Amino acid sequence: MYNAKLGFWICLGFSILNLVFICSILCLLPAGTSFAGISSVGTAGADFLLLDVGARPTAMGGAFAAIADDSNAIAYNPAGMALFKKEELQATHIDYMALIPYEHISYAQPISGAVIGFSIFSLHTDIWKTDADGNDIMYGRVISSQNAYAFSLAFKLRTDLYFGTNLKGIYVSTYTYSAGSGALDLGLLYKIGNASLGLVGQHLGLPLKMYSQSDALPANIKLGCGIKIPEADMFVALDLNKAYDIDIPRLNFGTEFWAISWMALRGGLRLGYDLGDWTMGMGFKVKILGNLTFIDYAYVPMIIDNTHRFSMIIKF
């Protein structure tokens, strides 16, 4: 009971500090300053890495660094994998803007004293060259792709403190040009009672070089806190993100409520993004061939086009 109360007040204080910090920044900005120039994807290379992936965390506004209790942890805080008791397989399909497909698949397996995982992130699109009248040019089809491949490792450091890392290879190609790089994610997760804290460094690596130009990877620091409310079967989470190429930190807030034992409702808010200020979604818990399976959906409204995410997680 003491630990639960202490964890609650730690997370509440952390959330208030985040809000005070962001409000202080806003107060210092010149009048008329807008967030329109602050994008969820900045000027860095391989900026597809900043896109939310799994349907569950996306529906929660991207606030998942301190929750990280399923295979979405690979993308948000790899330290959460250390809590896995079973093998997990996840597949996600995203209809991004203009129906550009983004796919993600991951697998995690507990081994002696640790958990290892593998994952693939792939955003790809077909581009057709056209003439002055807008007609497709024969043999003018070009495939543009951005891919990342990750090996993950997570383990317990001490009671209630967990560590995880992703070692990633990144490959980007368009027309006849291509570029590659490597990156590292480092994550910590601290759990105390029904509360948790997360700290993650993402996409820390070498720049991508294409067209004789080098672009730094979209390095990001993520701080998160989460509270589980067992009486209401509910999660509340808050993340603060600071990307190297964006001056003002961004805030992600999300909730998850299990309305009935097999269906969850989710919602989220995102401050500092010019695309997708709010999110929503739902999830279903079923058994397929005797394996516990989660089927999730997320909806993100955007000015240009709405996006949809569909995920399935199977626990063996």
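**Figure 1. Arginine 56 and aspartate 70 form a salt bridge between their side chains.** The N to O distance of this pair is 2.8 Å in the model, which is predicted. Distant parts of the chain are linked by the pair: arginine 56 belongs to helix α2 (residues 55-59), whereas aspartate 70 sits in the loop between α2 and α3 (73-76), 14 residues apart. Arginine 56 and aspartate 70 are both buried. Side chains of opposite charge can pair when their charged atoms come close.

**Figure 2. A salt bridge connects lysine 168 with aspartate 185.** The closest N and O atoms of lysine 168 and aspartate 185 are 3.1 Å apart. This pair, too, links distant parts of the chain, with lysine 168 in strand β5 (residues 161-174) and aspartate 185 in strand β6 (residues 177-192), 17 residues apart. Lysine 168 has a relative accessible area of 7% and therefore counts as buried, the limit being under 20%. Aspartate 185, with a relative accessible area of 3%, is likewise buried.

**Figure 3. Glutamate 256 and arginine 266 are joined by a salt bridge.** Here the closest N and O atoms lie 2.7 Å apart. Glutamate 256 is in strand β12 and arginine 266 in strand β13 (residues 263-271), so the pair ties together parts that are 10 residues apart in sequence. Both partners, glutamate 256 and arginine 266, are buried. Through salt bridges that share partners, Arg56, Asp69, Asp70, Glu256, Arg266 and Asp296 are joined into one network. The structure as a whole holds eight salt bridges.

**Figure 4. Serine 122 and asparagine 147 meet in a polar contact between their side chains.** The contact has a length of 2.6 Å. Serine 122 is placed in strand β3 (residues 114-130), and asparagine 147 is found in strand β4 (residues 136-158). Serine 122 is buried because its relative accessible area, 15%, is under 20%. Asparagine 147 is also buried, with a relative accessible area of 8%.

**Figure 5. The surroundings of serine 122 and asparagine 147 include residues from elsewhere in the sequence.** Residues up to four places away in sequence are not counted in this view. Serine 122 touches Pro101, Tyr102, Glu103, Gln146 and Asn147. Asparagine 147 is in contact with Phe48, Phe121, Ser122, Leu123, Gly169, Ile170 and Tyr171. For asparagine 147 and phenylalanine 121, the C-alpha to C-alpha distance is 5.5 Å, although the two are 26 residues apart in sequence.

**Figure 6. The largest pocket has a volume of about 730 Å³.** Its lining consists of 31 residues, and those nearest the centre of the pocket are Arg56, Asp69, Lys228, Phe235 and Lys315. At least two lining residues are supplied by each of the strands β7 (195-205), β10 (220-229), β11 (234-243), β12 (250-260), β15 (291-300) and β16 (307-315). By class, the lining of the largest pocket holds 12 nonpolar, five polar and 14 charged residues. Arg56, one of the residues nearest the centre of the pocket, is also the partner of aspartate 70 in a salt bridge. Asp69, another of the residues nearest the centre, belongs to the salt-bridge network that includes Arg56.

**Figure 7. The largest cavity has a volume of about 420 Å³.** The count comes to one cavity of 30 Å³ or more. Of the 31 residues lining the largest cavity, Leu49, Leu50, Leu51, Asp52 and Tyr76 are the closest to its centre. Two or more lining residues are given by each of the elements α3, β5, β7, β10 and β12. Among these elements, α3 provides the largest share, three residues. The lining of the largest cavity is made up of 14 nonpolar, 10 polar and seven charged residues. Rolling a probe the size of a water molecule over the atoms shows where empty space is left.

Figure 8. Of its 316 residues, 49% count as buried. Among contacts in the protein chain with a separation of 6 or more, 50% are accounted for by residues 24 or more positions apart.

Methods. Residues numbered from 1 in each chain as written. Predicted model: local features only at pLDDT ≥ 70, side-chain atom pairs only at ≥ 80, totals over all residues. Heavy atoms only, no water. Helix = DSSP H or I, 4+ residues; strand = E, 2+ residues; numbered from the N terminus. Buried < 20%, exposed > 50% of the residue type's maximum accessible area, 1.4 Å probe, protein only. Polar contact = N/O pair within 3.5 Å; in protein donor to acceptor, adjacent residues only side chain to side chain. Contact = heavy atoms within 4.5 Å. 1 Å grid on protein atoms, 1.4 Å probe; cavity = no way out; pocket = protein on both sides within 12 Å on 5 of 7 lines; lining within 4 Å. Points joined across faces, edges and corners; volume = space filled by probe spheres on them. Nonpolar A, V, L, I, M, F, W, Y, C, P; charged D, E, K, R; others polar. Salt bridge = Lys/Arg side-chain N within 4 Å of Asp/Glu carboxyl O.
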